[in-house]
Every structure is written in structure tokens, then in C-alpha cells.
Amino acid sequence: MAFQSRLPSWIILCSVWLFHFAHTGEAQAAKEVILLDSKAQQTELEWISSPPNGWEEISGLDENYTPIRTYQVCQVMESNQNNWLRTNWIAKSNAQRIFVELKFTLRDCNSLPGVLGTCKETFNLYYYETDYDTGRNIRENQYVKIDTIAADESFTQGDLGERKMKLNTEVREIGPLSKKGFYLAFQDVGACIALVSVKVYYKKCWSIIENLAIFPDTVTGSEFSSLVEVRGTCVSSAEEEAENSPKMHCSAEGEWLVPIGKCICKAGYQQKGDTCEPCGRGFYKSSSQDLQCSRCPTHSFSDKEGSSRCDCEDSYYRAPSDPPYVACTRPPSAPQNLIFNINQTTVSLEWSPPADNGGRSDVTYRILCKRCSWEQGECVPCGSNIGYMPQQTGLVDNYVTVMDLLAHANYTFEVEAVNGVSDLSRSQRLFAAVSITTGQAASYKEYRMSSQDCKPIYVNPCSLVGFRFKCD
């Protein structure tokens, strides 16, 4: 009889060129992690067949003459077939949702004579979840049915003559899984099948860098619609943007979706592609909020990579309130053309601005008063009883009146121009100086009166009693 308990000759003889059709050369999608690929194993698979005369392992060659293993069964003459084929134990790693891809050919029952009522055109796919390898026995009641697998295309005797094999591909899902591994099982109920390849895999979102954040390999969720939220880790020399942590979502298909937040390069670094590179010599970046490195301002430098600020050249300084992008400056030169006018114990000083303001616009003036002895020429700071009009320091205008000096005394006045970096300078002070001798102290108070009613309109106070009225 043409069909016995063993495989018929037609399916065995065509196994070599069957594989030629089956080997598609598809590149493995990057989002898939392979747990089992029977097509990639060239040695015997040694799966468990029950009963032993049901499914049979057959060798074949692909188009590159590489050995490939397949399982075939064709018990179509007798009814009530129950032929099981079980894989070896498959460790699932940390996957929760498993995909099973089957490639197979199936014979059209109508093309087989004398098998009406016993020939089938489907087979069943099962799985059994377990934490360890349970051995070689198959307990059918432990297995959970995944689906009944039917062929989209079946082949006939005519296809065999023309060397046409119609390969079917079906993908099914298992999950969610909670144990360490599982078995797959194939139940034949009376079909003529060649199981060309079995591929078992799960999907993950592979590690990527997005918005300067590293998102690690992430296994997809257990449900088809699940999104796994993943928090990213900033690349080297980057930091999270304030209150905007980087996050992405791994979809069930192994794709990264919905980016939220980002990382930004730290001070001293700028973004280049997916990395933060240090600012070069002569450049700086003072804040992570700045996008790019900037060239050092005038009179400053950076002699190393990754600088967050530039150092000032010798004799140049940066005030504490100066932002990093401002040029370094220096103290101003001395005031020019200092002149004075003595009126008894009052001295008026006037001067011109310095020739060099040090590169700053915040120039003010301060007065230092010294009283000098007649004999030794030694000078000491004037006491607090000296008056200055309008003030002694922080002068914006270039004049001052010094009052309440002692009569017939020697004084030296130093007028110094200062700016925001003067107190940082270690160099010698630059100032204009004048030495004077006061005259006789007045023995009256002088009032300048108006020519109309001789009422006092200007007062020059004096410690002595007496008045002198002077009318315009």
C-alpha cells in the first residue's frame, strides 16, 4: 500500500529541494531575541516523538548545501491519529510574551487517493510551562493548546512533479509566562506535514541613546497593548535637565515610543551626536544650559579641555559680579591734571579722568588724606574729624572739598581712580597726589548775604565765635 505507518517515499525524496524553497535568507529583525531556531541547528534535534513511529526527523540540504533538520509525518490511512512531537526544554530568559514561528508544507488530502475521512489538513500547537526539564515523558494533559494550525496553501501531486513546494508561515503567541521555561508540542491528527522550521523568540527594545540618555535593553510587556516605561541614564558628562527626567516607552512590538525629557551636556562640554565632548583649549562653557562652547573672552584663556570658565591673563581680573562671558579687566590708571585751591583750612581738589579706565565703565574715585609733620616729614592718616563734600569714596564726579583741616598744617591728598577689580589687584596703587599747607583759621563765621535784604544764604561754619556779613 502506498501509505504505511512510516513516511511515504514522496515526502522523503523531496526533502532536499523542499529546503531550497524554505530557506529565505531573511535577516533576523533586531528587535527579536531567538530562544530556538531549528533551522540553525545542523546536528540532530532529538526532539521527543510519541509514539516513536509518528513524527520522524529528516535531514536535508539548503541552497548552500548546508544540512538542515526537519520533522515529517504522514499517517493518513488510519483514523484517530494522535502523534505528538515535543521540543527540548526552552529557557525563556526574562521574557513574558513568546512568539512561535512555524514554517511547514502540507499535502492536499484531495490529491491523495483512498484517504477520504482519515486525512486531515491541520495540526495542533501546544505548550507546557515549567521551571526545569522534566525528562522525556510526554503527559498530554499538562499541555495547554495554543491553536489549531491550518495551511494557507497545500500542495498536490502535480506540484511534486513540477518541483513546486508551497511553504506556509504561521506565527502564534504565548503568554504571559511566569516560570523559567517551557516546551512546545505539535499534535498530528492525521495530516501529511513537513515541519520545515520552528523559531521561538521574544521581542525587546534594544538599547539606544536618545536625547543624550541611554535606554537599556528592555523586554516588552506581557500584553499586546502594554507600554513599558523606562527611565534613561545620562551619557558621560551629561546631566538631567531640571525637572525633566528622560523617559521612553517600550512597545509590545519592540519599538521605542513617546520620548519625554532629556539630558544636557554639563558645563565644559557640548553635544556632538550622542555624546558630550569637552570644550577645546581656548574655549569654555559655563553652564549646562548653554548649547555650545564659546571662545574665551578678551584677556582670558583656557589651557585645558573641558573648561567651564576662562582664567584671566596676568594683571587682568574678573569681578565676582562679572558673568563668565565678560572680558577680563584691570584697574584704571591714575587720575590726570590734579589741581587744588586752599581757602584757610578748606581745600578744593579737581582732576581729570584717567587715561585708561581698565576696560570698565564703573570707575569711581576715592580720597586719601594724610597729615604730615614739619620736622620728620612723616605722614599719618587724617582723623575722622575731617569732612568731605560730597563724600570721600565712591565719587562719581571728579571734584571734592575737604573741610575742617588744622590751621598751618601740612597735608598730602591722594586721589585714586578705582573700578570693580581694583581691590583684586596685587599691583602697586596708581594715584595722583598733592601736598599743601593750610592757612590761618578764620575767627568768624562768614555769611554771604543777598544784596537786597542781607539775609544769610551761604554759611561757612567755624569753631570760633564771631560773624562777618558780606553782601553781594
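Let's start with a strand pair. β28 and β29, the latter covering residues 346-352, run antiparallel and are joined by six bridges. Within that pairing, Phe340 has Leu349 of β29 as its bridge partner. Keep in mind that this is a predicted model.

Now widen the view. β28 and β29 belong to an open sheet of four strands, ordered β28-β29-β33-β32, with antiparallel pairing. Which strands stand at the edges? They are β28, residues 336-343, and β32, residues 387-389. Each has a single partner strand, so one side of each is left without a neighbour in the sheet. From one strand to the next, the twist averages 20°.

Next, the whole chain. There are three helices and 38 strands. The chain has 472 residues, and 44% of them count as buried. Take the contacts between residues at least 6 apart in sequence: 63% of these join residues at least 24 apart. The accessible surface is about 24,900 Å². Carbon and sulfur atoms account for 48% of that surface.

On to a hairpin. β22 and β23 form it, with two residues between them. Gly273 sits in the turn and has a positive phi of about 65°. The strands themselves, 269-272 for β22 and 275-278 for β23, pair antiparallel over four bridges. Gln271 stands opposite Cys276 of β23.

There is also a nonpolar patch on the surface. Its members are Leu227, Leu257, Val258 and Ile260, and together they have about 310 Å² of accessible area. Look at Leu227. The loop between β15 (218-219) and β16 (228-231) holds this residue. Leu227 is partly exposed, at a relative accessible area of 45%.

Now the charges. The search of the whole structure finds 20 salt bridges. I'll take three of them.

One is Arg69 with Glu57, where the closest N and O atoms are 2.8 Å apart. Arg69 lies in β4 (residues 67-74) and Glu57 in β3 (residues 56-61), so the pair ties together parts that are 12 residues apart in sequence. Buried or exposed, for Arg69? Arg69 counts as buried, because its relative accessibility is 9%. Glu57, at 18% relative accessibility, counts as buried too.

Another is Glu253 with Lys203, at 2.5 Å from N to O. Glu253 lies in the loop between β19 (247-250) and β20 (256-260), while Lys203 lies in strand β12 (residues 192-205), so this pair ties together parts that are 50 residues apart in sequence. Glu253 counts as partly exposed, at 27% relative accessibility. Lys203 counts as buried, at 7%.

Then Glu414 with Arg429, at 3.5 Å from N to O. Where do these two residues lie? Glu414 is in strand β34 (residues 410-418), and Arg429 is in the loop between β34 and β35 (431-437), so the pair ties together parts that are 15 residues apart in sequence. Glu414 is buried, with a relative accessible area of 6%. Arg429 is partly exposed, with a relative accessible area of 38%.

Salt bridges that share partners join Glu414 and Arg429 into one network with Arg366, Lys370, Glu416 and Asp423.

To recap the stops on this tour: the open sheet of four strands, the β22 and β23 hairpin, the nonpolar patch that includes Leu227, and the salt-bridge network that includes Glu414.

Conventions: Residues are numbered from 1 along each chain as its sequence is written. This is a predicted model: local features need pLDDT of at least 70, side-chain atom pairs count only at pLDDT 80 or more; totals for chains, interfaces and linings use all residues. Side-chain values use heavy atoms; hydrogens and water are left out. Two strands pair if DSSP finds at least two bridges between them. Axes are lines fitted to C-alpha atoms, for helices over the stretch in contact, and angles run from 0 to 180 degrees between N-to-C directions. Buried means under 20% relative accessible area, exposed over 50%, partly exposed in between (1.4 Å probe, protein chains only). Contact means heavy atoms within 4.5 Å. Accessible areas come from the Shrake-Rupley method with a 1.4 Å probe; for residues, only the protein chains shown count as cover. Patches are made of residues with over 30% relative accessible area and no salt bridge: like charges are joined within 9 Å, nonpolar side chains (Val, Leu, Ile, Met, Phe, Trp, Tyr) within 5 Å. A salt bridge is a side-chain nitrogen of Lys or Arg within 4 Å of a carboxyl oxygen of Asp or Glu.
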